[in-house]
Amino acid sequence: MPPDLNESRAQLAGLKWLAVAIVVLLIAVLLTTWRRARSVPPLPAVLSASTPRISELRCAECHSEIVTAQQSSPHARTLTRITERSIDEHFAGRSFHRNELSLQFHYEAHGGKLTVSTPGYARKLPIEWVFGSGTHAQTPLLTWLNDKGSFSGIEHGVSWYPDGQLGVTLGLEEQTASVGIEALGHPRSAAETINCFGCHCTLVPTSDGRILFDQIEPGVGCVRCHWNMPQHVREMESGLTSTIEKFSRMTPHESVDRCGECHRRADEMGGPIEKDDRSIARFASVGFVQSPCFLQQSEITLANGQPARFDCVSCHDPHRPTQRDWSFHSAVCLKCHDTEQHRAPDCTAATRESNCLSCHMPQVPSNEHLQFTDHWIRIRDRKQP
Ligand code: HEC
Ligand code: HEC
Ligand code: HEC
Ligand code: HEC
Ligand code: HEC
Ligand code: HEC
Ligand code: HEC
């Protein structure tokens with residue numbers, strides 16, 4: 001059901017003071033879009049429908065343990081299509097009041113469909129896609145084809161958070177529209193909408209700039225990180241020499257940049273990267289590569305005589321959920337920070353048994369429900385001499 005922009009505009013017609021408000025709003029929207037565009041440049045991550053592809057079922061023939069494990073990772077679950085079987089209990093049957101807009105939202109489930117309605121907009125709209133596994137947040141993206149057949153979206157202004165509460169979507173706090181389609185959230189262009197799917201899917205086949213939703217593969221799966229898999233399967237089936245690309249043979253920077261394709265790369269930030277910019281914490285791969293530990297890793301030789309290596313997979317198994325136990329991560333630090341072995345220096349402010357993360361990789365709140373881990377490992381609070 002395409003939302004009718006004209007209808008909402010009609011509601012505003014004739015009210016002069018509202019026109020003034022809209023001009024102010026437009027400037028505000030332009031400013032925020034500009035700011036967002038600067039910090040989050042969208043990346044093309046979308047393939048033409050004719051690109052050869054391969055099913056995950058093929059991987060399971062030879063790597064069944066990894067395939068099973070990966071299904072429970074946040075990567076695999078980062079996008080949900082609402083169907084009869086996956087009606088989102090996080091929203092269904094609930095209401096949320098956005099105090100600053102004096103606006104109520106209602107979510108209902110009927111016959112395998114989830115809808116949102118609000119007094120700010122005349123129609124009930126279907127929610128077909130929910131972004132985020134729920135580890136940090138879940139945000140509906142309302143999508144439709146406009147009359148020209150091109151595809152648009154609205155990032156909904158309300159999200160579900162792991163404390164069980166609904167709250168304002170991160171980044172949309174400054175929304176001011178309380179009437180019309182924009183009351184529902186932040187309108188996204190066709191390109192931006194496709195990019196949302198691009199980073200949250202294994203494959204987004206497109207034809208003439210339109211997503212072929214019947215062929216989409218939601219969630220980040222094997223072939224999104226491991227490239228040229230048809231060739232790998234051919235080689236392995238025919239007993240040929242393996243030419244598969246290995247992350248362990250990339251430089252640490254190349255390996256981090258592969259994750260940074262979605263987690264963002266430092267060179268995309270379009271400006272200097274400042275220590276006091278708290279928004280960087282959301283982009284692990286941007287902060288991490290600023291750390292002296294990352295930059296000076298080649299100076300260190302480990303106990304086994306091998307050169308040290310420090311990249312994302314030192315702490316994250318890309319096929320499994322994140323380790324929540326701090327001592328697992330501290331052990332990674334202590335491999336290098338070991339003055340006794342003449343490697344990198346020990347801490348001058350705490351013991352080797354303490355939780356290094358609490359001071360050197362702290363949790364940074366982004367809003368009242370959500371925090372990110374600051375991956376820029378550094379001294380934050382130096383003792384005065
Ligand atoms: C017919 C069996 C077979 C199939 C099917 C298969 N693999 Fe493999 N794979 C292997 C074997 C054997 C190796 C070890 C060869 C090597 O390390 O070069 C391997 C190695 C790998 C590696 C190791 C790279 C590294 O860093 O050591 C990755 C990644 C991988 N496969 C991914 C996949 C994915 C993704 C799929 C599904 C698209 C898949 N494989 C399908 C047999 C298979
Ligand atoms: C195709 C895009 C994409 C790529 C490539 C990617 N990620 Fe992610 N990653 C995501 C998305 C989307 C999420 C959010 C998952 C969710 O909804 O909770 C995520 C979440 C994560 C999380 C948080 C998981 C948790 O337990 O909450 C970690 C850790 C992570 N990614 C590490 C990596 C590493 C390491 C790499 C590189 C080997 C990588 N990612 C590559 C898209 C990507
Ligand atoms: C450049 C790749 C990229 C694009 C484009 C992108 N995302 Fe994400 N998204 C990620 C990654 C990586 C994560 C996990 C880390 C994080 O939270 O930023 C994530 C996390 C999320 C989450 C989980 C909550 C959270 O904040 O961790 C939601 C919800 C989400 N994205 C929605 C969207 C929507 C809606 C769009 C389009 C407007 C979008 N994303 C565009 C890469 C992307
Ligand atoms: C988020 C990116 C990402 C996704 C998704 C992903 N992998 Fe991997 N995979 C990696 C990275 C990075 C490594 C190298 C890990 C290392 O060196 O410790 C790896 C290593 C491997 C290996 C060799 C090492 C091992 O653990 O045996 C295999 C086999 C493999 N992946 C198969 C798969 C399969 C099958 C899937 C889908 C179910 C998959 N991967 C999904 C990033 C990913
Ligand atoms: C020294 C260990 C370490 C390294 C290296 C590391 N991380 Fe993390 N990461 C963590 C810890 C600890 C957490 C928080 C786990 C928890 O929630 O308890 C985390 C959490 C995350 C999350 C979830 C959101 C958040 O900020 O809490 C993402 C996404 C992530 N890491 C991505 C990455 C990427 C991408 C890289 C490589 C650039 C990377 N990490 C390198 C330790 C590490
Ligand atoms: C690959 C080896 C390696 C790993 C792993 C590693 N570091 Fe480092 N770290 C270094 C090196 C090398 C330096 C630079 C030492 C110097 O300046 O002499 C450094 C510097 C530091 C500094 C000083 C930074 C500053 O601002 O001057 C701190 C704090 C630190 N590391 C903490 C940690 C913590 C906490 C972890 C685990 C989360 C960790 N490191 C993991 C190698 C490593
Ligand atoms: C209670 C907070 C706290 C904890 C916990 C902590 N550190 Fe530190 N660390 C600091 C402070 C503060 C400094 C700077 C001290 C100074 O300026 O004299 C520091 C300095 C360092 C340095 C730089 C030393 C030098 O000589 O340049 C390293 C390396 C380091 N810490 C590593 C670690 C590791 C590894 C752990 C976990 C085993 C850890 N820290 C735990 C607060 C902490």
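## Domains and overall make-up

Domain bounds here are those of an automatic or database domain assignment. On that basis, ligand 4 lies between domain 1 (42–221) and domain 2 (251–373), because both give residues to the shell around it. The model is predicted.

The protein chain contains twelve helices and 18 strands. Buried residues account for 28% of its 385 residues. Of the contacts in the protein chain between residues at least 6 apart in sequence, 55% link residues at least 24 apart.

## Shell around ligand 4

Ligand 4 has 18 residues around it, and the nearest are Cys59, Gln70, Cys222, Cys225 and Pro318. Two or more residues each are given to this shell by helix H3 (56–62), helix H4 (64–71) and helix H6 (222–225). In terms of class, nine residues of the shell around ligand 4 are nonpolar, seven are polar and two are charged.

## Shell around ligand 3

Ligand 3 also lies between domain 1 (42–221) and domain 2 (251–373), since both give residues to its shell. There are 20 residues around ligand 3, with Phe131, Gly132, His136, Cys196 and Cys199 nearest. Strand E8 (139–145), helix H5 and helix H8 (252–263) are the elements that give two or more residues to this shell. H5 gives the most, with four residues. The shell around ligand 3 is made up of nine nonpolar, seven polar and four charged residues.

## Helix H5

Helix H5 spans residues 190–199. Seven of its ten residues are buried, so H5 is largely enclosed by the rest of the structure. The buried residues of H5 are Thr193, Ile194, Asn195, Cys196, Phe197, Gly198 and Cys199. Two of these, Cys196 and Cys199, are among the residues that come nearest to ligand 3.

Glu192 is also in H5, but this residue counts as partly exposed, because it has 18 C-beta neighbours inside 10 Å, whereas a buried residue needs 20 or more. The C-alpha atom of Glu192 is separated by 8.3 Å from that of Gly153, and the two residues are 39 apart along the chain.

## Shell around ligand 6

Around ligand 6 there are 22 residues, of which Cys293, Phe310, Cys333, Cys336 and Cys356 are the closest. Helix H10 (292–295), helix H11 (326–336) and helix H12 (356–360) are the elements that give two or more residues to the shell. H11 provides the largest share, five residues. Sorted by class, the shell around ligand 6 has 14 nonpolar, five polar and three charged residues.

## The sheet E3-E4-E5-E6

An open sheet is formed by four strands in the order E3-E4-E5-E6, with antiparallel pairing. Strand E3 (95–98) and strand E6 (121–127) are the edge strands, each pairing on one side only. On average, and with direction ignored, neighbouring strands of this sheet are turned by 20 degrees against each other.

Strands of a sheet pair through backbone hydrogen bonds, either parallel or antiparallel. Inside this sheet, strand E4 (residues 103–110) and strand E5 (residues 113–118) run antiparallel and are joined by five bridges. His110 stands opposite Lys113 in E5.

Technical notes: Residues are numbered from 1 along each chain as its sequence is written. Chains are lettered from A and ligands numbered from 1 in the order in which they are written. This is a predicted model: local features need pLDDT of at least 70, side-chain atom pairs count only at pLDDT 80 or more; totals for chains, interfaces and linings use all residues. A residue is near a molecule or strand if its C-beta atom, placed from the backbone, lies within 6 Å of it. Ala, Val, Leu, Ile, Met, Phe, Trp, Tyr, Cys and Pro count as nonpolar, Asp, Glu, Lys and Arg as charged, and the others, Gly among them, as polar. A residue is buried if 20 or more other C-beta atoms lie within 10 Å of its own, exposed if 12 or fewer, and partly exposed in between; C-beta atoms are placed from the backbone. Two strands pair if DSSP finds at least two bridges between them. Axes are lines fitted to C-alpha atoms, for helices over the stretch in contact, and angles run from 0 to 180 degrees between N-to-C directions. Two residues are in contact if their C-beta atoms, placed from the backbone, lie within 7 Å.
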